[in-house]
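Reader: I am new to reading protein models. Please take me through this one by question and answer.

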Amino acid sequence: MVKNGVVLDNKLVQITFSNPGGDVIAISYGGIDNLLEINNVEGDRGYWDVVWDNVAETVHTQNKLPGTQFKVITQSPDQVEISFITTYNANLHRGDNGVTVPVNIDKRYILQRGRTGFYTYAIFERLQGWPGGRMETLRVAFKLQGAKFRYMAVSDTRQRFMPTAQDRARGKPLAYKEAVLLNNGTSSPEFAGEVDDKYQYSAEDKDIKVHGWISMAPPVGFWMITPSDESRMAGPFKQDLTSHVGPTSMTVFSCSHYVGRDVGLTFREGEAWKKLFGPVYVYLNSAPPSSDSRSLIRTLWNNAKDQMVQEVKSWPYNFISSQDYPPSNQRASVSGQLLVNDRYIPGIWVASSAYVGLAAPGEVGSWQKESKGYQFWTQTDAKGNFFIEHVRPGHYNLYASVPGIVGDYKYEVDIIIKPGSKIQLGSITYQPPRIGPTLWEIGIPDRSAAEFYIPEPYPTLTNKLYKGSELDKFRQYGLWARYNELYPKNDLIYKVGASNYRHDWFYAQVCRFVGNNKYVGTTWQIQFELNAVNPGIYTLQLALASATYAELEVRVNNANAKPPLFSTGLIGDDNAIARHGIHGLYWFWSIKIPSTSLHKGSNTIYLTQTRGGTPLQGVMYDYIRLDGPAEKP
């Protein structure tokens, strides 16, 4: 204990916390007195925080959850675990807008002997009768010394020297404040003329295992390692922030980014709830000084990846002192084989590379909007086998998403997990949406718009990290504006049998600029031929990869039909178009088309996105297929 602080020190790393607030105010390691930004106030260096809205959504506040009580949970020669507790009191701990968060929080930190890093996790609890509201964001974040940490690594292919916060402050804000065009007054000439935007470094949660920053002098790495996604929200494809200019690194557990405000921790008046988030491992490493910067970076990054592998293998940890974190012998496993039976594709075949998971009971696909419980996901092998391990006791449904197959799968029998159980489901079969034979299809059913045409970025609005990358081209700024250049007068027309979706289907159906800062909805056409029209019901299988304040109307052979054959209504606010995501929240419909609406010969389906107002509204398509009427057995 020190004045107004708590210090953990194992002779390799020293961590100082505010007391009783529980913020990390200093980390000493590798010859650096404080890895955190010393120019920031103590409460803005390392912290857990939430963004909270009241029920009426009239107040939106960030709260860094200052503790009111400090405890030592365990103390031995090998490990110390400490706690900073925040107890809900309507008159205390008010956030930026004078609102307190009706949640009890227990922030934990663990330092072990011989380890160059520390663990952190937090337990959130609401008691019955407390006010309702919405927790839009929940994360743990660290802001590092800007003068030291200049190299950022998110993955093997997404790493570089980064501009500074001062560079951004001198730059020109673009369509939204997060996107900034850097000018000639940057800390290095290499950044001049580039766009920097924190959303360009987002990733899917399933891929966010390790990321962080490197100081070159002295050579020190700071890494956020997230060994399990069980306490994150919305499944494996949910996208979140990682590291970005600040320099900042974070682990995000709950956030509306890429899914919208309908997805998240929303509580009814009086609703009780409890959940443990984490643990995550804040790993520090170092290397001998070297004039070979590439070698130094490679050494630190590869070591961080190796440590991440060890943390994943060690999960669930056996040293967590909380009854809310079940040890390995109290967890369970679920195994089986996933098959696919599409009656218009011969045979029953294995669902290889499918994602299979356990989440709270709900409707088909409800896992992508679920946040209050825990989720456990794995990927099937080449034979469709899956093994979901380390599952907490509870009540679940089993869900799956199969690449190349439209729709979502849900196993109809509830899964009840008891401590230590090993549930073997055997072979289970997904019968995807199908009415009749495929007449034509556009795209690949993979919950993404990545296979469609992604234009080249504007030369004056690029991020050099992604220059020349086909895989990450969608992360460049301003691609949506290319639509008006490609289709200056008439909207997109796709001709089945002649067009190629990789070149002729724009990645997003965005609004058209018509002057005077006005943007209007657009109508795309799919033109196709039918050799004959069979009596019965045709079906348009329509899957969207994203929607932002959009309404999609479907018409057949009459562009002005009122009402339309189908309308989604106003849907989506995932903002994937603006945030450089090639997908957001997944949507799927089977739309019935009476044979009387079709003609022998030429036909046109009109897809009208009716909502206008901004250049960032619209939809991304995942897959479109026209099924003929069901054939007689």
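Author: Start with a term. Helices (H or I, at least four residues) and strands (E, at least two) are DSSP runs, numbered from the N terminus. This is a predicted model, where local features need pLDDT of at least 70, side-chain atom pairs count only at pLDDT 80 or more, and totals for chains, interfaces and linings use all residues. Residues are numbered from 1 along each chain as its sequence is written, and side-chain values use heavy atoms, with hydrogens and water left out.

Reader: Where is threonine 164 found?

Author: Look for the strand β12, at residues 159–161. Then find the helix α1, at 165–170. Threonine 164 is in the loop between β12 and α1.

Reader: Is threonine 164 buried or exposed?

Author: Buried means under 20% relative accessible area, exposed over 50%, and partly exposed in between (1.4 Å probe, protein chains only). Threonine 164 has a relative accessible area of 12%, so threonine 164 is buried.

Reader: Which residues does threonine 164 touch?

Author: Contact means heavy atoms within 4.5 Å. Residues up to four places away in sequence are not counted here. That leaves Arg150, Ser187 and Val245.

Reader: Which backbone nitrogen does the side chain of serine 228 reach?

Author: Serine 228 sits in the loop between β18 (219–225) and β19 (239–240). Its relative accessibility is 13%, so serine 228 counts as buried. A polar contact is a pair of N or O atoms within 3.5 Å; within protein, one must be able to donate a hydrogen and the other to accept it, and residues adjacent in sequence count only if both atoms are side-chain atoms. At 3.1 Å, the side chain of serine 228 reaches the backbone nitrogen of glutamate 230.

Reader: Which residues is serine 228 in contact with, leaving aside its neighbours within four places in sequence?

Author: Set aside the neighbours within four places in sequence. Serine 228 is then in contact with Lys209 and Trp315.

Reader: What is the omega of the peptide bond from alanine 217 to proline 218?

Author: Most peptide bonds are trans. Proline 218 is in the loop between β17 (210–216) and β18. The bond from alanine 217 to proline 218 is cis, with omega near -5°.

Reader: What is the omega of the peptide bond from glycine 278 to proline 279?

Author: Proline 279 is found in strand β23, residues 273–286. The bond from glycine 278 to proline 279 is cis, with omega near 0°.

Reader: What is the phi of lysine 11?

Author: Most residues other than glycine have a negative phi. Lysine 11 is in the loop between β1 (5–9) and β2 (14–18). At 77% relative accessibility, lysine 11 counts as exposed. Its phi is positive, near 75°.

Reader: What is the phi of serine 353?

Author: Serine 353 lies in the loop between β25 (349–350) and β26 (355–359). With a relative accessible area of 36%, serine 353 is partly exposed. Its phi is also a positive value, near 60°.

Reader: What radius of gyration does the chain have?

Author: The radius of gyration is taken over C-alpha atoms; the globule rule is 2.2 Å times the number of residues to the power 0.38. With 633 residues, a compact globule would come near 26 Å. The chain agrees, at 26 Å.

Reader: How many helices and strands does the chain have?

Author: Of the 633 residues, 59% count as buried. The secondary structure comes to four helices and 45 strands.
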